[in-house]
There are 2 protein chains.
Amino acid sequence: MKDLKLIIDNYLPLRDVVFITLREAILKGEIEPGERLMEISLAEKLGVSRTPIREAIRKLELEGLVIMTPRKGAVVAEITLKDLRDVLEVRKNLEKMAVELACQKATEEDIMELKQSHQKFIENMSNPDLTELAEADVRFHDVIYRITDNKRLIQILNNLREQMYRYRLEYIKDEKQRSILVHEHAQIIQAIENKDITKAKEFSENHINNQEKTIAAKLTS
Amino acid sequence: MKDLKLIIDNYLPLRDVVFITLREAILKGEIEPGERLMEISLAEKLGVSRTPIREAIRKLELEGLVIMTPRKGAVVAEITLKDLRDVLEVRKNLEKMAVELACQKATEEDIMELKQSHQKFIENMSNPDLTELAEADVRFHDVIYRITDNKRLIQILNNLREQMYRYRLEYIKDEKQRSILVHEHAQIIQAIENKDITKAKEFSENHINNQEKTIAAKLTS
DNA sequence: GATTTGCATTTTGTATACATTGTACAATAT
DNA sequence: ATATTGTACAATGTATACAAAATGCAAATC
C-alpha cells in the first residue's frame, strides 16, 4: 500500500474524509484487491483514531468494495473479469433505460446542455491530461442521467460507474477510440433530439459494448 | 417509535444486529419518516453502546434509508410517491432483464426449482399468515434472480425490493389479486421454459405494473 | 414586543480504554 | 513425526470518556 494522504475538507466529518480517501485508493488500485484493511495501521497512517476508520469501512462494505469477515476484519474485494462483465451487463441495460427516458423527457434546454457538454469533451480531445477528458465524458453522461429525473436510476448508475473507475482511462487512451467515442456521443444526442428511442438505445448499447471490449482486452492481456 | 427489540443472533456482530433491527423497523414503518434517530436514546432502548448504533446508521445512510446532516444527526428518509415510482420504474427494467437472462440460462433443474417454489406459494394461498405468503413470493423471485448468475443484478434487485418492503403485504391482501399473482407467475415460468424472451418480459412487466397499481392506489388513498 | 446575546443542555464527533476472539507458534504428549 | 493443547500476541468488537458543535431558552437590550 502506498502512502495515503487524507483529502482534507474541513466541512466534512472525518469518517467521510476517510471514506472518500479509502474509496479512491481502492478504485485507483493503490490498495490492491486482497489486501487487508487494518484499523490500527490505517488510523496511524491517516493520523486519526480508529472510530472514523471503522465507520468508513462500514460504508465501503455496503458498496461492495471491501469484504468483511466478523472478527477477522476487512479485505479489499477481488474483482474478477466476471464481476466486471456483470457490472457492464447491468449498466448497459440501465444506460438504455436512461436514454429512453431522456428521449421522452428532454426539453430544448436539456438538448442544449447535452450539446454543450459534448462540445467541452471535444475541446479536451487534445488535452494531454486524460483525467480531464475522462471527467468531461462523465459529465456528458451525467446530463443524460439528470434528464431522466429518476433519482434511484441516477444513484445506481453512479455506483456502477464507480465500480469501473479504475479502468476509466483505458478507453480514452487510444486516439482512435476517442474519435469513436465522440461519434457515439453525437449519435446519442441526435437520437435523443429526434426522440428516436430505438436508435438511442442502439447507440447507447453500442457505446457500452465498445467500452466492454476495451476493458476486456486490457484485462485478459 | 414503538419499543424496539434486538433481533438477537450470537453469531452476528452487534452492529449488524442493530442494522437489521433498525432497517426492519424503518421499513415496517415502526420508525416513521422524518423521525430523528438519536444515538443515545437508541443505545439505551437496545441496550448497547453508541458505537454499534453509529456503525449501523452509517450503513442505513448508504442504503438511503436515513439522511445524515453533519453535526445534526440522522433522520428517517421521507419516501414520496415519486420515489416509489422511480424505484418501480428501475425495478421493472431489471426484472425484465432478469427473466431475459433466465430464458437464456435456465437449466432443467432451474425450471424444476421454479415450479417447486411456485407450488409452495400456492400451498400458502389459504394461509392466514400473509407474511408467509409474501415470503414465498420473494423466494420465487429469488430463484429467477439466482438463475441470471449476475451478482450485481441480484444485489440491486434485492435492494430495490427492500425499498418496497413496507408495501409487500398490500398486493397479496386481496384474494383476487392473489390469484392474479399466481397466474402471472405461471405465465412467467412457462415463458422461461419455452425460452420465449419476448413473452417473459411482457409477463414480467405486467407483473410489476400490477404491483405498482396496487401500491399507488394504497398511497393516494 | 421583538431581537439579540449568552449560557446550559443536548447531541454528535472523535479518541481511547477495555473485552473478546482469532492466530501463530512452541511445547508436550502420543 | 504428528497431533494437540496452551499461551502470547494481535486484531476486532464494544463501551466509555472527552471535545466540539448545535439547539433551546431565558435574560438583557433596543
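Okay, one term to begin with: buried area is the accessible area, taken with a 1.4 Å probe, that two parts lose on being put together, summed over both. In this predicted model, chain A and chain B bury about 2900 Å² between them, 56% of it on carbon and sulfur atoms. On the chain A side, A:R58, A:L62 and A:R152 lose the most area to chain B, together 21% of what that side buries. The contact (heavy atoms within 4.5 Å) takes 30 residues from chain A and 30 residues from chain B.

Quick housekeeping. Residues count from 1 along each chain as its sequence is written, and chains are lettered from A and ligands numbered from 1 in the order in which they are written. Local features need pLDDT of at least 70, side-chain atom pairs count only at pLDDT 80 or more, totals for chains, interfaces and linings use all residues, and side-chain values use heavy atoms, with hydrogens and water left out.

Now, the core. A nonpolar core is a set of buried Ala, Val, Leu, Ile, Met, Phe, Trp, Tyr and Cys residues joined through side-chain atoms within 4.5 Å, where buried means under 20% relative accessible area with a 1.4 Å probe, protein chains only. The largest one here has 66 residues, and A:L94, A:I144, A:I192, B:L94, B:I144 and B:I192 have the most contacts inside it.

So what does B:L94 touch, leaving aside its neighbours within four places in sequence? From chain A, that's A:V90 and A:L94. From chain B, look for B:L153, B:I156, B:L157 and B:L160.

That's my tour, thanks!

Technical notes. Buried < 20%, exposed > 50% of the residue type's maximum accessible area, 1.4 Å probe, protein only.
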